[in-house]
There are 2 protein chains.
Amino acid sequence: VKVAVLGVGLIGGSIGLAARRRAGANVVGYDPDGCALSRAVEMGAIDEPAFAIADAVREADVVFVATPVGVAVDSVRLALQEAGAECVVSDVGSTKREIARAITNPRFVGGHPLAGAETAGVRNARKDLFDGATWYLTPAAGAAWSAAGASSHGQDAAPWAVERLRGLVERIGARPVAIEPDAHDRLMASVSHLPHVLANVLVARARSAVEADGTSAADGTLGAGPSFRDATRVAGANTAIWTDIYMSNGDLLVEALDRAIEELSSVREALDAGDAETIAAWNEHARSEREQLQRAGLVSGP
Amino acid sequence: VKVAVLGVGLIGGSIGLAARRRAGANVVGYDPDGCALSRAVEMGAIDEPAFAIADAVREADVVFVATPVGVAVDSVRLALQEAGAECVVSDVGSTKREIARAITNPRFVGGHPLAGAETAGVRNARKDLFDGATWYLTPAAGAAWSAAGASSHGQDAAPWAVERLRGLVERIGARPVAIEPDAHDRLMASVSHLPHVLANVLVARARSAVEADGTSAADGTLGAGPSFRDATRVAGANTAIWTDIYMSNGDLLVEALDRAIEELSSVREALDAGDAETIAAWNEHARSEREQLQRAGLVSGP
């Protein structure tokens with residue numbers, strides 16, 4: 001199988017490594033940054049470099065667009081135009097509504113591998129980056145795809161294109177899961193974008209508590225439990241990438257924030273009123289919700 | 001050294017195991033639950049069981065009160081009364097202002113090991129539970145202890161008592177850190193209690209997003225990234241324990257919540273206005289705050 005990777009950063013480089021080592025693919029890479037491109041060759045992430053998108057995609061069976069979000073739509077368009085009539089084009093962007101609306105070609109299948117948000121650059125690329133990771137595919141432009149098989153209106157991806165991409169994603173080591181673009185973005189607002197916002201809020205609160213305790217803070221001996229480390233690991237994640245992600249899902253993230261603020265406000269009222277019963281019931285409810293999320297596959301066991 | 005442990009659950013049992021194996025201590029355990037007490041003997045967490053607090057503490061050099069928070073003050077009082085005049089009494093409660101106000105005996109030194117909130121019961125006890133963990137000590141009732149050495153007013157713990165406890169905590173494998181009760185509770189509101197509240201909020205938001213996408217949720221194939229798993233690990237933690245913790249630190253947790261809600265509201269406004277510049281600046285600020293927390297010892301490296 002011939003694969004083209006447009007943008008050989010952490011994600012593109014890891015796709016190249018995994019596709020070569022695990023799917024026996026021949027991988028051509030393109031990146032406007034010549035230094036990243038050389039590095040990708042040295043690391044074995046790509047078989048050969050291309051110096052234009054048209055050259056990279058000419059012979060490809062599958063193209064992965066792994067550029068910054070801002071230029072993804074244009075790169076997908078160019079790839080669809082320059083590649084052969086049987087070539088499948090996908091992307092790896094963190095939100096899917098916008099690109100699903102913008103690209104109406106049946107050879108395009110949106111994608112989003114859940115991996116790698118905390119580091120960047122081809123130097124961190126690994127062939128096992130996607131091992132066992134969910135890799136969302138959004139072949140539909142609105143209709144339910146997984147329920148109806150190939151669906152009824154013109155903007156959906158062609159079934160053969162979806163199958164080819166799905167097969168390659170599996171050989172790369174990931175777990176392909178089909179989902180509607182709308183449902184994807186709504187889910188990400190809650191399970192990815194909101195956690196990142198809350199991580200930022202937590203470091204601000206902790207900083208202010210540390211500041212209030214000048215003596216102990218000065219000698220660097222304070223400690224926090226594992227729950228704090230876990231909850232703040234993604235605080236202040238790569239600003240360029242994350243500003244794009246937040247803005248591209250702004251409406252749904254605002255909705256998630258509004259509901260989070262509502263819940264925090266009622267917890268605050270119960271605490272202020274010394275209402276232990278309400279706090280206990282709220283915590284029990286969270287426990288049962290977490291168990292339901294485990295069954296839905298969203299979190300692993302306790 | 002002779003140690004008494006009142007309450008042989010996860011924390012008390014682990015103290016017993018670590019004190020016996022690492023400090024060569026002789027450990028007597030007391031628990032109103034005879035079953036837990038037998039189990040503690042079988043597991044080697046205590047050398048011998050006692051069937052009354054008075055019997056447990058009679059010969060002890062150090063007593064650890066590891067009962068539920070609700071009865072901790074009474075157990076500390078009884079231990080101070082029944083133990084010898086050179087016995088040090090400590091506790092392991094998650095908040096420290098209340099007990100520091102209630103107990104004015106110089107042989108009492110408040111304590112709080114940062115470990116084990118997610119499981120419970122002596123069956124989960126481990127001799128390495130506290131390895132490298134911060135173990136806060138609150139010998140002062142208000143004045144700065146670490147800066148001033150023994151401090152000036154009558155309610156502080158005796159220096160010899162603090163030193164004995166500190167030495168034992170170190171031999172157990174933990175990292176003793178002295179802190180004011182007020183500063184401790186303020187810090188915990190931000191780095192422990194608020195993260196638990198936010199974890200509960202996150203599972204509620206995710207549940208609602210999963211519900212909105214009936215099709216994909218039904219087959220249990222949805223996935224989320226590691227940031228969601230990390231941020232929700234403590235959601236719905238042991239309700240009995242956590243309701244006590246939340247209520248006992250209610251005022252400072254309300255303060256932390258108010259500020260968190262303020263910050264979330266301004267992020268919400270910036271998103272709603274499409275103000276990418278503000279979002280980018282806010283995220284950069286979080287990055288720098290996280291780096292400062294790393295220097296203060298509160299989170300480990302990236």
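This short talk describes the fold, surface and core of a predicted model.

Local features require pLDDT of at least 70 and side-chain atom pairs count only at pLDDT 80 or more, while totals for chains, interfaces and linings use all residues. Side-chain values use heavy atoms, without hydrogens and water, residues are numbered from 1 along each chain as its sequence is written, and chains are lettered from A in the order written.

I begin with chain A. Its secondary structure consists of 13 helices and 8 strands, taken as DSSP runs (helices H or I, at least four residues; strands E, at least two). The C-alpha atoms of chain A occupy a box of roughly 65 × 50 × 30 Å along the principal axes.

Of its 302 residues, 57% are buried, that is, under 20% relative accessible area with a 1.4 Å probe, protein chains only. Contact means heavy atoms within 4.5 Å; among contacts in chain A between residues at least 6 apart in sequence, 68% link residues at least 24 apart.

Let me turn to the core. Which residues have the most contacts inside the largest nonpolar core? They are L187(A) and L187(B), in a core of 88 residues. Such a core is a set of buried Ala, Val, Leu, Ile, Met, Phe, Trp, Tyr and Cys residues joined through side-chain atoms within 4.5 Å. Leaving aside residues up to four places away in sequence, L187(B) touches residues including A209(A), V210(A), L222(A) and G223(A), as well as Y136(B) and L298(B).

Finally, the cysteines. The whole structure contains 0 disulfides, a disulfide being a pair of cysteine sulfur atoms within 2.5 Å. C87(B) is buried, at 1% relative accessible area.

Conventions. Buried < 20%, exposed > 50% of the residue type's maximum accessible area, 1.4 Å probe, protein only.
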